[in-house]
Amino acid sequence: MTAVLFRNGLVLTMDDAHTILTGADVLIVDDRIAEIGVGLTAPEGAQEIDATGGIIMPGMVDTHRHMWQTAMRGYGADWTLTQYFVWYYLESGKHFRPEDIHAGNVLAAWEALDAGVTTTVDWSHGLQTTQHADAAVDALQSVPGRFVLAYGNIQQGPWQWSAAPEFRDFVNRRITGSDMLGFQMAFDVTGDPTFPEKAAFEVARDLGVPVTTHAGVWGATNDDGIRLMHEHGFMTPQTIYVHAATLTHDSYHRIAATGGSVSVSTESEQSAGQGYPPTWTLRDHEIPVSLSMDTSVWWSGDLFSAMRTTLGADRSREHLQAHERAETVTHVHLRAEQVVDWATRGGGRALGLDDKIGSLEPGKKADVVLLKNDASPVMFPILNPYGHVAFQAQRGDVHTVVVDGRVVKHEHRLVGADLAKVRADVEQTVEYLVDTMGREAWAKGMNPDVPETKVMDNPYTYTEWDAGSAQWKHGTAD
């Protein structure tokens, strides 16, 4: 038996009642939460962790992360979604080798654990071959986190890659149904009236695996895709609709009626252009929500940023609409408590793992995060714990992370991570891509053209510079 005991922390259980306990202990025995209470007795040999002044919470759950792209961290900071599509789908995504998928996945997996994300969906649409898929799984299994491989291939239609015998062989060989590795199929529905994606849905149904799909993405996926899925009976409670930002009420009604959920990637939707983050309309339709960060090609790899930007986007829209009606918002709808739920319990529900993860309750899997930073003035006072998690904390405040009963980060340092090896592998991927593309193309891809900006004429300008006489000329406004 192995045991870990967190002592004297503020515990956000995220159970059905959202119970908060102060000065409480959390006891982990083997891979399960054994007990939560005050003054618990430590089993012999237990590792005791002082949580005084900290917040003990469930491990966070990211339901949509393109982990294979993490070796390109920050490369597309100034991209739009169009530039992302061109770079990955049409031009350079095909250059990625299995070892590049492996390097990106290992880096992303450790990054997730470092930020207290204990379960991550690897929305892996760079799997051009099953050799790439094997590399993805090898990477995930080399890191002590909980992962879901969402298998996809942007270089082929889903009706093609899902029908290949080698895909079935891969599923039989590598997907074991273990607690540490789940499986989904990841593909999008364009709205083509012939519905070619039907064949891939039938494969998913035959295999008994969920589908995750980018829905409601401006200019790419729309209401026709939702309608086709619904009319053919492929919308299920296990389906995760990523973004879902530009749909009509009819599509949201179909999602709600079939029990699906939406993965909101607010940083992505705000910056790339999929559409305005849809939390406001998901609330109107009572559609369950989880959070995700999308890709480190642009954004941060943690859910603290996701919670913060999601609150900001929802509230700014609420204020803007009220101002257009000459009204003032006096009470905001979306609360910090709700986004903390989305980042933890919401992800567990979306993945069908609510009985295992997402809350701190005896009998559940021991995926636990301690936020504590005695060296930071930001970690006190803790007056509103949900507000503190959503608006104040960040990855540097993640003191300890436990996954499946195993301590994978402690005292702000990852346990067992050979970051020098991770760095070397990622550097090889970057060097290979630069050499393959050529330095000029590499630089151009990272620095897209800046659109011309026209400054409006200012009727209140009273002076202007006369370059000929090198002096100011005085005038009056028109």
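The model is predicted: local features need pLDDT of at least 70, side-chain atom pairs count only at pLDDT 80 or more, and totals for chains, interfaces and linings use all residues. Residues are numbered from 1 along each chain as its sequence is written, and side-chain values use heavy atoms, with hydrogens and water left out. Helices (H or I, at least four residues) and strands (E, at least two) are DSSP runs, numbered from the N terminus.

- Axes are lines fitted to C-alpha atoms, for helices over the stretch in contact, and angles run from 0 to 180 degrees between N-to-C directions.
- Within the sheet, β11 (residues 240–243) and β12 (residues 261–264) are joined in the parallel sense by 3 bridges, and Tyr241 has Val262 in β12 as its bridge partner.

**Helices on and beside the sheet**

- Helices α7 (residues 223–231) and α8 (residues 249–258) pack at an angle of about 35 degrees, and their axes are 9 Å apart.
- Asp223, Ile226, Arg227, His230 and Glu231 of α7 meet Ser251, Arg254, Ile255 and Thr258 of α8; contact here means heavy atoms within 4.5 Å.
- By class, this contact of α7 with α8 has 2 nonpolar, 3 polar and 4 charged residues. Ala, Val, Leu, Ile, Met, Phe, Trp, Tyr, Cys and Pro count as nonpolar, Asp, Glu, Lys and Arg as charged, and the others, Gly among them, as polar.

- Buried means under 20% relative accessible area, exposed over 50%, and partly exposed in between (1.4 Å probe, protein chains only).
- The side chain of Asp62 reaches the backbone nitrogen of His64 at 2.9 Å and makes a polar contact with the side chain of Arg65 at 3.0 Å.
- A polar contact is a pair of N or O atoms within 3.5 Å; within protein, one must be able to donate a hydrogen and the other to accept it, and residues adjacent in sequence count only if both atoms are side-chain atoms.
- Not counting residues up to four places away in sequence, Asp62 touches several others, including Val117, Thr119, Leu291 and Leu303.

**Helix α13 and its cover**

- In helix α13 (residues 385–392), 6 of the 8 residues are buried, so this helix is largely enclosed by the rest of the structure.
- Those buried residues are Pro385, Tyr386, Gly387, His388, Val389 and Ala390.
- Their cover includes β1 (3–12), β2 (20–29), β5 (55–58), α11 (303–324), α12 (336–350) and β14 (368–371).

**The strands around β1**

- β1 is mostly covered, with 8 of its 10 residues buried.
- β1 pairs with β2 in the antiparallel sense over 7 bridges, and Leu12 has Ile20 as its bridge partner in β2.
- β1 also runs parallel to β4 (residues 47–50), joined by 4 bridges, and pairs with β5 in the parallel sense over 2 bridges.
- β5 in turn runs antiparallel to β14, with 4 bridges joining them; Met57 has Val369 in β14 as its bridge partner.

- Thr13 lies in the loop between β1 and β2, and is buried at a relative accessible area of 3%.
- The side chain of Thr13 reaches the backbone oxygen of Thr19 at 2.8 Å.
- Thr13 also touches other residues, among them Pro58, Ser359 and Leu360.

Terms used. Two strands pair if DSSP finds at least two bridges between them.
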